[in-house]
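Take a look at the chain below. Follow its helices one by one, and keep an eye on the loops too.

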Amino acid sequence: MRDPKERKYFYTLLGAKLIGIAALFLLYFSVKTFFGGAPAYADDAAAAAAAVPPYINPINTMWVLVTAFLVFFMQAGFMMLEAGFARSRETVNVLLEGIIDTCLCGVLFYGWGFAWMFGSGNGFIGNQYYFLQNIPDTYGSTGVATLAFFLFQFAFADCTSTITSGAMVGRTGFIGDLLYSVVVSGLIYPILGHWSWGPDGFLNNIKPAAFHDFAGSTVVHTIGGMIALAGAVVLGPRLGRKFKRDGGGPMPGHDMTIAAVGTVILWFGWYGFNPGSTLSAMDMLGVGRIACNTTLAAVSGGISAMFFVYPRTKIWDCGMTCNGILAGLVAITCPCYWVSPLGSIIIGLVAGILVVFGTDLLEYLRIDDPVGAWPVHGLNGIWGTWSLGLFATGQFGMPMPNGADNSAGSIVKGLFYGGGMDQLIAQIKGNAAIGGAALITGFILMYAVKLTGTLRVSKEGELQGLDVHEHGGAAYPEFPTNG
């Protein structure tokens with residue numbers, strides 16, 4: 001600083017930097033003001049009020065977004081589970097099918113799926129919000145931003161088509177995969193889902209008790225499981241598949257490591273699937289109850305499946321234990337808001353046994369379902385839906401944006417808690433309507449795709465393996481993949 005030249009250089013540089021910083025701030029505030037932004041010096045409370053209208057609940061909106069991300073992550077679980085239960089030579093096919101299902105579902109649900117499922121119309125189909133046009137800021141009276149609700153429901157829709165693919169592993173042509181995925185995601189799921197979850201769905205008006213499906217034992221899992229069953233029947237078994245009646249048994253999966261990890265990822269995602277269906281973080285008692293019930297049904301389902309299988313096979317079966325966990329999760333998805341922890345354990349225990357009987361039934365009927373999609377999702381979707389009519393405690397009503405509505409008219413009570421047969425009958429009617437329609441439309445769809453010649457790959461392609469035949473390379477190029 002003692003050198004005049006250095007001192008002059010220092011002050012010139014410092015002044016230039018200060019002028020530049022001031023100019024940037026001036027530019028920032030000018031642009032922000034020009035485009036209508038609130039000035040930085042505005043009162044914080046006033047700015048928050050302007051940004052978030054009073055009818056949008058920011059806490060509930062963020063809750064729905066976070067749980068939507070969890071449900072979306074279930075796709076990774078489905079892909080790993082199905083790939084692990086499949087043979088190594090069809091691993092790439094399983095992975096790509098899961099990825100493209102998600103992409104197709106996103107576009108279709110944006111275009112018209114959301115409109116048909118959640119728009120107002122009539123008791124059978126909605127007729128609003130095509131291509132997300134003219135949507136309100138919030139969906140109905142939920143207080144949740146409509147686009148956040150859309151994202152949450154897209155993740156649910158994505159699960160249905162992925163469930164379908166599990167029963168069709170190893171012999172479905174990729175073009176056939178694309179065709180049935182478009183129809184499931186863009187037609188069957190949104191229309192049948194509207195019957196229960198639409199604002200004016202006809203199952204909401206069953207008398208004397210309305211049909212309830214809290215998070216989708218019917219809407220997601222029964223639909224997916226029934227279409228999967230139709231696909232497995234129309235396709236026929238994989239080449240070389242020999243059933244127990246003929247002296248054989250199920251083909252082993254190629255990697256139980258990723259199948260087991262996929263199961264746990266799905267379990268983790270279910271904490272978005274079920275608690276997120278409150279659409280409200282303000283219903284803290286309800287969210288905690290759902291998360292607890294979800295856990296208890298999963299653990300009891302895994303335990304009952306493992307111990308039920310062991311006396312027959314003398315094997316501690318990892319694959320069946322994984323499916324027992326998933327069966328418990330599927331079953332608790334419908335009644336999770338209205339049942340007690342004890343009820344959840346019983347529901348899970350029954351689900352773990354049912355998944356074994358369901359697998360035995362398919363084996364007896366010579367239906368090839370490589371991952372157990374129908375026993376897990378179809379059969380236990382039915383059980384879970386019916387279980388609400390048995391185990392609803394009569395303590396809880398309907399979830400609302402700011403907590404539960406426990407008024408007398410909203411209480412849900414099952415047979416075992418003095419509620420009589422009304423709720424059980426409503427559950428059976430609703431499940432039969434949606435499940436039956438899913439099975440019928442599933443058969444129509446699969447036979448239609450079969451007529452195009454794209455549903456099943458050629459014998460040569462199946463023997464070669466779908467990865468090489470359809471996708472040009474194996475998942476494990478360093479190792480032989482004849483299995």
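What follows walks through some helices, their packing and a few backbone details.

This is a predicted model, in which local features need pLDDT of at least 70, side-chain atom pairs count only at pLDDT 80 or more, and totals for chains, interfaces and linings use all residues. Residues are numbered from 1 along each chain as its sequence is written, and side-chain values use heavy atoms, with hydrogens and water left out.

Start with helix α3, residues 58–85. Helices here are DSSP runs of H or I with at least four residues, numbered from the N terminus. The expected span of a helix is 1.5 Å times one less than its number of residues. At the start of α3, a side-chain oxygen of N57 comes to within 3.1 Å of the backbone nitrogen of I59.

Now see what packs against α3. Axes are lines fitted to C-alpha atoms, over the stretch in contact for helices, and angles run from 0 to 180 degrees between N-to-C directions. The axes of α3 and α5 are 8 Å apart, at an angle of about 15°. The two helices are therefore roughly parallel (an angle under 35 degrees; over 145 counts as roughly antiparallel). Their crossing is left-handed, meaning that the near helix is turned anticlockwise from the far one by less than a right angle; clockwise would be right-handed. The contact of α3 with α5 has 16 nonpolar, six polar and two charged residues. Here Ala, Val, Leu, Ile, Met, Phe, Trp, Tyr, Cys and Pro count as nonpolar, Asp, Glu, Lys and Arg as charged, and the others, Gly among them, as polar.

Helix α8 (residues 256–273) also packs with α3, with axes 7 Å apart and an angle of about 160°. These two are therefore roughly antiparallel. α3 passes α8 in a left-handed crossing. Their contact has 20 nonpolar, seven polar and no charged residues.

How do α6 and α13 cross? Their crossing is right-handed. The axes of α6 (residues 174–197) and α13 (residues 422–451) come within 11 Å and cross at roughly 160°. This pair is therefore roughly antiparallel. Contact means heavy atoms within 4.5 Å. Among the residues making it are L179, V183 and W195 of α6, and I434, T441 and L445 of α13. The contact holds 14 nonpolar, three polar and no charged residues.

Next, the backbone. Most residues other than glycine have a negative phi, and most peptide bonds are trans. N134 has a positive phi, near 55°. N134 sits in the loop between α4 (91–118) and α5 (146–166). K314, which follows α9, also has a positive phi, near 60°. Between K207 and P208 the peptide bond is cis, with omega about 5°. P208 lies in the loop between α6 and α7 (217–235).

Technical notes:
Angles under 35 degrees count as roughly parallel, over 145 as roughly antiparallel, 65 to 115 as roughly perpendicular and the rest as oblique. A polar contact is a pair of N or O atoms within 3.5 Å; within protein, one must be able to donate a hydrogen and the other to accept it, and residues adjacent in sequence count only if both atoms are side-chain atoms.
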